[in-house]
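The sequence and the structure are shown first.

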Amino acid sequence: MADTPDLGSGALRRGGSSPLVRTTQLQTSHKFVSKGSILIATKIRIYDFYLDIFIQEESFYKDNIPKLTFINWSSKDNCLLEDDCYKKFKIYYELTKKSPIFIKSEILNRSIPSQNLMLEAIEQINEYIFKKRQIFNLPLDLSVGTNFQQKVWRELQKIPYGKTISYKQLANNIGKISAYRAVANANGKNPFSIVIPCHRVIANDGGIGGYNGGVDKKVFLLNIENT
């Protein structure tokens with residue numbers, strides 16, 4: 001792996017002075033989309049991995065408040081447009097054929113609210129990678145999920161940095177002890193990789209378990225938090 005992950009021009013570099021942030025993650029379960037929505041996206045590189053960040057284009061906000069819609073692992077040349085999760089987003093947000101519109105991270109504009117939020121997401125992810133941040137503070141739109149999925153995703157946010165729990169424990173934490181398979185399914189549909197830490201959930205037998213972005217990325221994230 002390279003010495004430094006390429007996280008775009010808005011990212012902090014190794015040795016930056018930003019302190020560890022311990023704030024509560026913002027979240028929403030309110031649907032704020034409009035017919036014919038457009039998503040804009042950017043791609044960042046984290047060592048040998050790539051991550052896509054999606055947000056709604058400004059004219060479709062509710063109350064003029066930008067919120068991230070999707071953060072997921074991808075590849076160098078492609079985003080997960082054919083992924084089942086993205087197909088659900090396409091229907092839910094009633095996306096136009098123009099969507100998504102990709103913007104290179106190095107030309108994101110802080111004067112545009114949506115792009116400023118994307119730059120903030122890049123910075124916070126960079127701080128996490130370099131162990132300067134344990135909790136993310138970003139506005140997220142969780143409304144694409146069912147009530148059950150949203151409950152699971154909120155519970156994931158309560159798992160402490162550097163700790164892991166099993167799918168059974170996660171099910172128990174939301175009062176659904178016998179529904180650990182459904183909980184595991186909801187865990188796998190988490191729309192915000194890294195930011196909502198589904199990587200901290202492991203198999204009931206103590207094994208690493210699966211991960212939607214690939215087990216190599218799950219191991220990578222757990223190693224950051226435990227070394």
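## Overall fold

The protein chain contains six helices and six strands. Read from the N terminus, these elements follow the order β-β-β-α-β-α-α-β-α-α-β-α. The chain has 227 residues, of which 51% count as buried. Among contacts with a separation of 6 or more, 67% are between residues 24 or more positions apart.

## Confidence

The model is predicted. Its protein chain has a mean pLDDT of 80, and 74% of the residues reach 70 or more. Residues 9-35 have a pLDDT below 50, although this stretch has 85 contacts in the model beyond near neighbours in sequence. Where pLDDT is low, the predicted coordinates should not be read in detail.

## The sheet

Four strands make up an open sheet with mixed pairing, in the order β3-β2-β1-β4. The edges are taken by β3 and β4 (101-102); each has a single partner strand, so one side of each lacks a neighbour in the sheet.

Strand β1 (residues 39-46) is antiparallel to β2, and the two pair over eight bridges. They form a hairpin with two residues between them, and in the turn Tyr47 has a positive phi of about 55°. On its other pairing, β2 runs antiparallel to strand β3 (residues 68-74) over six bridges. Tyr50 of β2 stands opposite Arg45, and its bridge partner in β3 is Ser74. The pairing of β1 with β4 is in the parallel sense, over two bridges. There, Ala41 has Phe102 of β4 as its bridge partner.

How many of the eight residues of strand β2 (residues 49-56) are buried? Eight of the eight are, so the strand is largely enclosed by the rest of the structure. In a regular strand the side chains alternate between the two faces of the sheet. In β2, Phe49, Leu51, Ile53 and Ile55 point one way, while Tyr50, Asp52, Phe54 and Gln56 point the other way; all are buried.

Helix α2 (residues 113-129) lies across β1, β2 and β3 and runs at about 25° to β1. Helix α6 (residues 215-226) also packs on the sheet and touches β1, β2 and β3, with its direction at about 90° to that of β2.

## The contact of α3 with α5

Helix α3 (residues 147-156) and helix α5 (residues 180-188) have axes that come within 9 Å and cross at roughly 75°. The two helices are therefore roughly perpendicular to each other. On the α3 side, the contact is made by Phe148, Gln149, Val152, Trp153 and Leu156; on the α5 side, by Ala182, Val183, Ala186 and Asn187. Sorted by class, this contact has seven nonpolar residues, two polar ones and no charged residues.

Notes: Residues are numbered from 1 along each chain as its sequence is written. Side-chain values use heavy atoms; hydrogens and water are left out. pLDDT is the predictor's confidence in each residue, from 0 to 100. Contact means heavy atoms within 4.5 Å. Axes are lines fitted to C-alpha atoms, for helices over the stretch in contact, and angles run from 0 to 180 degrees between N-to-C directions. Angles under 35 degrees count as roughly parallel, over 145 as roughly antiparallel, 65 to 115 as roughly perpendicular and the rest as oblique. Ala, Val, Leu, Ile, Met, Phe, Trp, Tyr, Cys and Pro count as nonpolar, Asp, Glu, Lys and Arg as charged, and the others, Gly among them, as polar. Buried means under 20% relative accessible area, exposed over 50%, partly exposed in between (1.4 Å probe, protein chains only). Two strands pair if DSSP finds at least two bridges between them.
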